[in-house]
Amino acid sequence: MLNRDEDILKAAADWQAAGRGVALATVVETWGSAPRPAGSSLVINEDGTFLGSVSGGCVEGAVVTEALDVIASGTPKMLEFGVADETAWNVGLSCGGTIRVYVEKVMS
Amino acid sequence: MKLQTLALLNAERAARRAVVVVTDVASGEQRLVKAAEIASDPLHAALAKQLRMGKSAMIEADGHRLFLNVHAPTARLVIIGAVHISQALAPMARALDYDVTVIDPRTAFASPERFPDVPLIAEWPEVALPPLNVDAYTAFVAVTHDPKIDDPALLHAFERACFYIGALGSRKTHAKRGERLKAMGASDADIARIRAPIGLNIGAVSPSEIAVSIMAEITATLRMPKDLTA
């Protein structure tokens, strides 16, 4: 079975209850042909375990890395990924769209 | 997100109530608005619009960029009739993330052997339906072909404003069904809501193909702009 949004959000609460640092990454804006609509989310815990998706798998790796920073700092971040993005991991969306992903820590 | 916001969000979702989480993406400030509280919210017009469309979106309000994250309840499919089509339809709907319930008072049909892993209620619709809290996030399908079972179930679906209502039967069968439902108190508008013959016309023949056509029609009703599905 795929993880549904409610399973993803429940996992976030469960991980937090188990004492792990948790971040929530949510697609907030999309331009052009984007793989997942606004509202799609990925939850990440401090071990780097994640559930859900914000793209078709193109940028999840980079989002997880940024999320670990957000878990450590507690400060939310806005990430942008486009096809022309030149990041350290050289990630981008092969579909040609651009997405903005808001990453926030779950605060107890 | 505060843990208590997350807990409230999960509780509302579990209770099948829609909520919108409003986030100021510059400050990180966040609040949760329950569907019942939208009317009295300062952002009520924008909140109501996004909820109606079932779409999350970024908006501008008083110079702030706000993300409205719409959390609508998980779509549900209620199938009246544990028939051959339903044996194909139930697992297909589950693969599409629907919560599925099958109802049929005929225990020979409603058996766990025929429906492994699907919640199954071997009761008449009048008994089975009220506790289910059928709602506007529910697709409702009546496929027993037996008026004693389908008709009262359809009346319940009208009352609960299901987003999709479909019933098995030819045009002729459906015309007769319309007359019966009217005699039972249904309005013309109610009857016009029933998709019959059920499913998109893809020339489906086998039970599995009919299930595909029903699931495609439900998906179209859920996702297409309203003026394109009629």
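Across the interface of chain B and chain A, 7 residue pairs are in polar contact, both residues being at pLDDT 80 or more (a pair of N or O atoms within 3.5 Å; within protein, one able to donate a hydrogen and the other to accept it, with residues adjacent in sequence counted only if both atoms are side-chain atoms). The model is predicted: local features need pLDDT of at least 70 and side-chain atom pairs count only at pLDDT 80 or more, whereas totals for chains, interfaces and linings use all residues. Residues are numbered from 1 along each chain as its sequence is written, chains are lettered from A in the order in which they are written, and side-chain values use heavy atoms, without hydrogens and water.

The side of chain B that touches chain A draws at least two residues from each of helix 1 (3–14), strand 1 (19–24) and strand 4 (64–71) of chain B (DSSP runs: helices H or I, at least four residues; strands E, at least two). Helix 1 of chain B supplies the largest share, 5 residues.

In total, 23 residues of chain B are in contact with 26 residues of chain A (heavy atoms within 4.5 Å). One salt bridge is found across the interface (a side-chain nitrogen of Lys or Arg within 4 Å of a carboxyl oxygen of Asp or Glu). B:Arg65 pairs with A:Glu29 in a salt bridge, with the closest N and O atoms 2.7 Å apart.

Chain A contains 2 helices and 5 strands, arranged along the sequence as α-β-β-β-α-β-β. Of its 108 residues, 46% are buried (under 20% relative accessible area, 1.4 Å probe, protein chains only).

Terms used
Buried means under 20% relative accessible area, exposed over 50%, partly exposed in between (1.4 Å probe, protein chains only).
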